[in-house]
Amino acid sequence: DPSRQQVIALVLMPREAFSAEVRLRIQNAIQNRLKGKLLYYYLALGEGYTARLHFCFYGQPPSAALMRKIESEIAALARTWDDRLRELFGQKFGATRAYEMLARWGLAFTPDYKAAFDVERAAADAEHIERLFAGGGFEVELNNHPLGGASAEASELRMYALGDAPILSELMPMLQNFAVRVLSEDAHQLSPLVDGKPARATVESFLVQGSNGGPLDKMPGVSLLAGAIAALRSDKAENDPLNALTLTAGLRWREVALVRAYLSAAFQMRLAPARPALRRVFLAHPEL
């Protein structure tokens, strides 16, 4: 309506794809593209399968090229989380493998999980758990990203296990022994289908910092931490404060075990009055 400087947009989508969040994303996208102001909107949910959104904006009429951009952007915004996951599986695994993955994982993710993570994260989590189904054990992934701005950075530590989530009171002392400070924890139970029956798998996400209060990527042994935690959870390594040497000194978990053996021998040779006294020296001076 050029005389009133108004642009009226009608958006139709499957009713099941509609939500207040989707409506707001579409509204903001059109408003930003038009560089205009929303005057009103109206929602019509009929008895059929379609939701109709009527928007009226104060702004200049868009060009044909801009209209095509707006249409493409809205089509992307209106896709559901499951639609995007289906598309990503197809791109990532190919048609045959994607069909198998969707049959197993199509109903595995809870609404809370979908609200917290994007489909790229879901596909990566599914791959971790697929490896656990194939070989058992325990998997860990470490990601670095900012928390609350540049002055308060943290890393994300993700742990994967089959069955119920590990008990938090057991995990916290273990992470403290690795010189890791835990800021928050978030656990999600997933239910992929195995032989047609729902299985139980757990993804636990920890926001963590190093002992220096910064992200773990500043620590010498950051690339070794995930393997060391997985070895400990698989009962291949011991759980004591010497595990901090993985991060602070860049020692692999087998090298930490060797240092542990040296310190035990030194104590037996009466080179120190107590085991903790020897241990404190190494923990205080990891550069040695």
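## Ground rules

Because the model is predicted, local features need pLDDT of at least 70 and side-chain atom pairs count only at pLDDT 80 or more, while totals for chains, interfaces and linings use all residues. Residues are numbered from 1 along each chain as its sequence is written, and side-chain values use heavy atoms, with hydrogens and water left out.

## The whole protein

Let's start with the big picture. The protein has 10 helices and 9 strands; these are DSSP runs numbered from the N terminus, with at least four residues (H or I) for a helix and at least two (E) for a strand.

How does the radius of gyration of the protein stand against that of a compact globule of 288 residues? The protein has 26 Å, whereas such a globule would have a value near 19 Å. That radius is taken over C-alpha atoms, and the globule rule is 2.2 Å times the number of residues to the power 0.38. Along the principal axes, the C-alpha trace spans about 95 × 50 × 30 Å.

## A three-stranded sheet

Now for an open sheet of 3 strands, in the order E1-E3-E2 with antiparallel pairing (two strands pair if DSSP finds at least two bridges between them). Strand E1 (6-14) and strand E2 (37-45) sit at the edges with a single partner strand each, so one side of each has no neighbour in the sheet. On average, neighbouring strands here are turned by 15° against each other, direction ignored. For such angles, axes are lines fitted to C-alpha atoms, for helices over the stretch in contact, and angles run from 0 to 180 degrees between N-to-C directions.

A hairpin joins E2 to E3 through 4 residues, and E2 pairs with strand E3 (residues 50-58) over 8 bridges. Tyrosine 41 is opposite phenylalanine 55 in E3, and tyrosine 42 is opposite histidine 54 in E3. Helix H1 (residues 20-34) packs on the sheet and touches E1, E2 and E3 (contact means heavy atoms within 4.5 Å). The direction of H1 makes about 35° with that of E3.

## Two pockets

A pocket is an open set of points on a 1 Å grid over the protein atoms alone, where a 1.4 Å probe fits, with protein on both sides within 12 Å along at least five of seven lines; lining residues have an atom within 4 Å of a point. The largest pocket holds about 460 Å³, the volume being the space filled by probe spheres set on points joined across faces, edges and corners. Its lining has 20 residues, with Val22, Arg79, Thr80, Trp81 and Arg84 nearest the centre. Which helix gives the most to this lining? H3 does, with 5 residues.

The second largest pocket has about 160 Å³. E1, H1 and helix H2 (64-77) each supply at least two residues of its lining, which includes Val7, Ile30 and Met67.
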